[in-house]
Amino acid sequence: MRISGPDAVPVALGRLRPQSALGDRRPIVARLVDESERELDRVLVTLYQAPASYTGEDVVEISCHGSPILARKLLELCLSEGARLAEPGEFTQRAFLNGKVDLAQAEAVRDLIESRTGFQARKAAEQLGGRLSRALQPIRDRLVRVISHMETSLEFVEDDVEPDAREALLLELSAVDEDLAALEESHRFGRPLQEGVTVAIVGKPNAGKSSLFNALLKSDRAIVTEIPGTTRDSLSETAEIGGIPFLLVDTAGIRQASETVERLGVERSRQAMQEADIALFVLDGSRPLDEEDDAIWREIKDRPAVLAVNKSDLPQRCSLPRAWIQRAAAAEVSALKGTRLDFLREALREAAAPGSGVETEGVIITSVRHCRCLQKARAALGQGRQAYAAGLSEEFPLYDLRKALDAVGEITGETTVEEMLGEIFSNFCIGK
């Protein structure tokens, strides 16, 4: 249990009987007692004195044994001593307000907690360490230099700005826009990285959908038999592909079904196909295409799709039409032998973030809010560049360039509004 604030120590010691003096960053053993001074537990107590704590305030952390009853009793005792329950994200919000972290780092705490893949966790940890903030700093510095130069020119309006100096400032603004554009472009990969991607595995019965589902998961999650129509309902599991969390949905084979249960399964397959971000169309490579395959293709051809020609370990009789290959990436695989599955995984990753061209070791914008700030900054920057290139007085481009600077500052919290902070921290879990 964590207590933060100027009264953290007296609140904690109200029901604790330490065996030695409480010192900064030195865990000590204490008896936890109730209102009648009866011992409830032996706990560890650690004091983090301001400002060298997570929140920048005095923080006391109490570690009790893992019984839910004890934890609840400890909470009740602390509340009775004058503490109150923290709001969602309040500890991290206090850390931000006290200058311990910037806003981008604060948001990374939530991202780290909610990570579903190792790559997500690594990127969140990098942002928590200030990597995004450090990438933004030189951009802000260049923009501040240009603004300062223009403001100086405005003060000394009788001295005309030389054409060469004006051209140099325009080049500097172009370089700033390129840096902002590169960060914005990274969101093409960052969005699916953060939000995840749903993939509906579709196809007619006995094409090997469930076998491919198991192969991608590297687990026998779905029942596989040689009997067509084994899968009657949708089955979903999460798999990490290229750092992106993919929710794979194994669906019932799509065909004209007369039996009631199978017909309901086919309807759910079509629903899953419509709701998914990507359709993974599994074809039986050992059989020629037929009308059922063509009907499925017509349902997915206008959506992001990947074609998996399965059973490549058997003699091949499936020939894909040129229009299909032009519209969707295709991979010949064998779910049974596990061949070319890496190629299929890469096709899925590309379908999730088409043409991202992102170097995954660089800074990646995963937040929609950050991306919108960058877009707002680039829009204002473009207007400022246009006004300055047109020869207008510096006061006109300066108005837009200051707006661009504020938009960049919103990412790290150097420019904030109270409503924005409330929205950000309300999405945290309690106790963080």
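This is a predicted model: local features need pLDDT of at least 70, side-chain atom pairs count only at pLDDT 80 or more; totals for chains, interfaces and linings use all residues.

Colleague: Where is M1 placed?

Modeller: M1 sits in the segment before β1 (2-4).

Colleague: Where do nonpolar side chains tend to go in general?

Modeller: In soluble globular proteins, they tend to be buried together. Now this chain. Its largest nonpolar core has 32 residues. L212, F246, L248, L280 and L344 have the most contacts inside that core. Among the elements that give two or more residues to this core are α9 (209-217), β8 (244-250), β9 (278-284) and α13 (341-352). A second, separate core has 29 residues, including M150, L173, L374 and A380.

Colleague: Which residues does L248 touch, beyond four places away in sequence?

Modeller: Its partners include V199, I201, F213, L216 and L217. L248 also touches L235, S236, E237 and A239.

Colleague: How many helices and strands does the chain have?

Modeller: The chain has 16 helices and 11 strands. Of its 432 residues, 46% count as buried.

Colleague: What about confidence?

Modeller: Read the pLDDT. The chain averages 88, and 90% of the residues score at least 70. Over residues 227-232, pLDDT stays under 50. For that stretch the model has 16 contacts beyond four places in sequence.

How values were computed: Residues are numbered from 1 along each chain as its sequence is written. Side-chain values use heavy atoms; hydrogens and water are left out. Helices (H or I, at least four residues) and strands (E, at least two) are DSSP runs, numbered from the N terminus. pLDDT is the predictor's confidence in each residue, from 0 to 100. Contact means heavy atoms within 4.5 Å. A nonpolar core is a set of buried Ala, Val, Leu, Ile, Met, Phe, Trp, Tyr and Cys residues joined through side-chain atoms within 4.5 Å. Buried means under 20% relative accessible area, exposed over 50%, partly exposed in between (1.4 Å probe, protein chains only).
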